[in-house]
Amino acid sequence: MASGFKINKQGIRKMMKEIEREVAKTPVRVPINAETARAGLADGGGGGLGVVAGSELGLVAGFLLDWLFVLQKAQRGAWPSISQLVEETGNQEFLPMVESQVDVAVDALVQDDLVKEAKSMGRFGMIRRISLTDVGNREAAQRVERRRDNRARRSACRDAVLRWVYEQDANGEPTDIAEIVSSPYGWFNGAQFSATDLVEAVRFLRERRLLGGTDETPTIEPAGTECIEQYGGVVDYLNRGDGAGVNVTVMGDNKGQLAVANRDVAQSQTNTNQVEALAIFAKALREFGQLLPPEQQPEYEEVATALEREAAKAAPNKSWVQGLIGRAKDLLEGAPENLHNLAQVTKVVLDIYNQGLS
């Protein structure tokens, strides 16, 4: 990170309010989808619009769009130099970082047709004069709209937190989550993640065993490393088993997990001990429920717990178990489309067990 990069929270809040006031005069409403947003540089963190990748270059490019948007609303037709832009928008605290990234950032924004540059002899460094294009003006306005998209922001926050902890751990540096706001990973489309965003992200990642440690000082888990190194993000990792050719054969004598969320799984169960199998199926159902949004998880947890209670009995009530299995299948029928294949696998397993009871 560039030396001297400090966050002026009061200055940022003031700038954001100015931007939002300008957008309110001519609102731009756009549909947002975190997974399909247009790829680009100026996302406020780098690596694609709406996705935080911890890039100072992306952060600076996004700042330039935001600052030009504010300045050119007040001074129509302005062609400020970078130095003037930083000074007139009151963002001198970012000067060291801007100076280190300005040439590459401006070149990238020009290439993406987001800004245009005045033709002059001095076209390098802080004296470069730039202005928003029509495309850049729309993009700057839409950045404000994206900040209000809770779904996209929270999804991006989870990716950012996981990646930040991974990088901190790899560099042997502390993982005090409060410090993420002092890095480019703490931003989404030019706005800092809130404390609530960060708390929710750490909780979500710890519940899914991507992070360990504590809420205040999380640590990277093997699954988190796998997610970072082999998948496009947390969503891709959690959905990795969907449509991936899962093959489950239930024949008995396996005391391990059913692992319904794993990819390319082939397991055998040849023991006829139905009580033991019931406990495994209950755990599988719970694991499936943990892949769903928080508001959908309690019903899965309730059925899984009831199945475990029956499994703990010397002689489970078959009629009661069959009723619970029926309820579990009904829940799986309503699973989200992106988990449809995984739900079908789980239903097949439950059907096989239910047939054994009959």
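Arginine 147 counts as buried, with a relative accessibility of 9%; here buried means under 20% relative accessible area, exposed over 50%, and partly exposed in between (1.4 Å probe, protein chains only). The model is predicted, so local features need pLDDT of at least 70 and side-chain atom pairs count only at pLDDT 80 or more, whereas totals for chains, interfaces and linings use all residues. Residues are numbered from 1 along each chain as its sequence is written, and side-chain values use heavy atoms, with hydrogens and water left out.

Arginine 147 forms a salt bridge with aspartate 66, their closest N and O atoms lying 3.1 Å apart. The aspartate belongs to helix H2 (residues 56-74) and the arginine to helix H5 (residues 134-147), so the pair ties together parts that are 81 residues apart in sequence. Helices (H or I, at least four residues) and strands (E, at least two) are DSSP runs, numbered from the N terminus. A salt bridge is defined as a side-chain nitrogen of Lys or Arg within 4 Å of a carboxyl oxygen of Asp or Glu. In the whole structure, 17 salt bridges are found.

A second pair joins arginine 128 to aspartate 103, with 2.9 Å between the closest N and O atoms. Arginine 128 sits in the loop between strand S1 (115-117) and strand S2 (130-132), and aspartate 103 in helix H4 (residues 95-111), 25 residues apart. In a further salt bridge, arginine 286 meets glutamate 308 at 2.7 Å, N to O. This pair links helix H10 (residues 274-289), which holds arginine 286, with helix H11 (residues 297-311), which holds glutamate 308, across 22 residues.

The accessibility of the partners is listed below.

| Residue | Relative accessibility | Class |
|---|---|---|
| Aspartate 66 | 1% | buried |
| Arginine 128 | 4% | buried |
| Aspartate 103 | 29% | partly exposed |
| Arginine 286 | 16% | buried |
| Glutamate 308 | 30% | partly exposed |

Salt bridges also link Arg158, Glu200, Arg203, Glu207 and Arg208 in a network.

Helix H8 (residues 222-230) has buried residues Ala223, Gly224 and Cys227. Viewed down the axis of H8, the buried residues fall within an arc of 105°, so they line one face of the helix; the arc is that of the directions from the helix axis to the C-beta atoms. Pro222, Glu229 and Gln230 are exposed on the other side of H8. The cover over its buried residues includes helix H6 (150-170), strand S6 (218-220) and helix H9 (234-238), where contact means heavy atoms within 4.5 Å.
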